[in-house]
Amino acid sequence: MHSSIFNCSYLSIFCHLSLIFLMLGYEHWKGQVLTADELHVLYEGIKLNNVNQYDYVLTGYTRDDSFLDTVVDIVQELKRENPSLEYVCDPVLGDNGAMYVPENLLPIYRDKVVPAADIIKVSVLLCWSAMNLLHSMGPDTVVITSSDLPSPLGDQYLVALGSQKIGWMLCLWERDLFAAMLLAWTHLHPNDLKMACEKTVSVIHHVIKRTINYAKEVAGPNRKPSPAQLKLRMVQSKADIEDPAIVLNAVGL
């Protein structure tokens, strides 16, 4: 894939879309789980067409150990092709005390995925020790997208934390909200996690605000919007995605 907005090429490996439908609130869903063999065949097709040159690899939720092993193998091969490639891992392991993935995947994440990752998103309670541990395993950038920490702005806000190693320094930034445009903005601001997080949060703010306003308008007064009406207004938010007005500022700790 090629992004003219952010001028970088990236390979995105996401699977098990049923989780996404569940999270969006749809009552019914159908689909096929991509296997490790099928992923391997797809990747072989990419290589045969000589389009396996990427700046970033972004991976998300998976439930299969062999699939996850194959992802790591692909990332390592792509890094041999391009040593400057950065691997961004969003493991989606669980939330609110519950695990989304089988326990047999945890050693693979610990022993293979985290050491291979350059940027990793996690959600854990023991924030500082967890980020230091993850740094020691390889990634230079760690972002905790949500935590149980109280927000100074009230209980309607989430606290997200980011940690980035710059030379011998470790810079930590506290945020009240975070979501996934981190890849794009760390590409444009590779040594400024504060700015990357501010722009990431601001994009999500604008997209969600536009989505809610649209859904309420379409649903009508005193009616709850449907999941279909709550689809993110991404195309309509193109200008905000490219150049978001900053709505929240990161605070250095």
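Analyst: This is a predicted model. Its largest nonpolar core has 32 residues, and Val57, Leu78, Tyr87, Cys89 and Val113 have the most contacts inside it. The elements giving two or more residues to this core are α2 (36–48), α3 (65–81), β4 (86–89), α4 (106–116), α5 (127–137) and β8 (141–144). The largest share, seven residues, comes from α3. Another core, of nine residues, lies apart from it; Leu58, Val88, Leu193 and Cys197 are among them.

User: What makes a set of residues a nonpolar core?

Analyst: The members must be buried residues of the listed kinds, Ala, Val, Leu, Ile, Met, Phe, Trp, Tyr or Cys, joined through side-chain atoms within 4.5 Å. The core of 32 residues includes Val57, Leu78, Tyr87 and Cys89.

User: What joins the side chains of Thr59 and Tyr87, and what makes it count?

Analyst: The two side chains are joined by a polar contact of 2.8 Å. The cut-off for a pair of N or O atoms is 3.5 Å, and one must be able to donate a hydrogen and the other to accept it.

User: Which residues of β3 are buried, and on which side?

Analyst: Both faces are covered. Tyr56 and Leu58 are buried on one side, Val57 and Thr59 on the other.

User: How do you know that β3 and β4 pair?

Analyst: Pairing takes at least two bridges. β3 and β4 have four bridges, in the parallel sense, so they pair. With α3, the two strands make a right-handed β-α-β unit.

User: What makes that unit right-handed?

Analyst: Point the strands away from the viewer; the path from the first strand over the helix to the second then has to run clockwise. β3, α3 and β4 carry the right-handed label, so their path runs that way.

User: Staying with α3, why is Lys79 called partly exposed?

Analyst: Lys79, in helix α3, has 23% relative accessibility. Buried needs under 20% and exposed over 50%. The value of 23% falls in between, so Lys79 is partly exposed.

User: Which residues does Lys79 contact?

Analyst: Leaving aside neighbours within four places in sequence, Lys79 is in contact with Leu85, Tyr87, Ala116 and Asp118. With Asp118 there is also a polar contact of 2.9 Å between the side chains. The C-alpha atoms of Lys79 and Gln53 are separated by 9.3 Å, at 26 residues apart along the chain.

User: And Ile74: buried or exposed?

Analyst: Ile74 also has its place in helix α3. Its relative accessible area is 4%, so Ile74 is buried. Leaving aside neighbours within four places in sequence, Ile74 is in contact with Leu39 and Tyr43. Its C-alpha atom is separated from that of His40 by 8.4 Å.

User: Why is Asn50 called exposed, and what is its phi?

Analyst: Exposed means over 50%. Asn50 has 53%, so it counts as exposed. Its phi is near 55°, a positive value in a residue other than glycine. Asn50 lies in the loop between α2 and β3.

User: How do you know that Asn222 is exposed?

Analyst: Its relative accessible area is 86%, over 50%, so Asn222 is exposed. Its place is in the loop between α7 (193–219) and α8 (238–242). Phi of Asn222 is near 60°, again a positive value in a residue other than glycine.

Notes: Residues are numbered from 1 along each chain as its sequence is written. This is a predicted model: local features need pLDDT of at least 70, side-chain atom pairs count only at pLDDT 80 or more; totals for chains, interfaces and linings use all residues. Side-chain values use heavy atoms; hydrogens and water are left out. Buried means under 20% relative accessible area, exposed over 50%, partly exposed in between (1.4 Å probe, protein chains only). Contact means heavy atoms within 4.5 Å.
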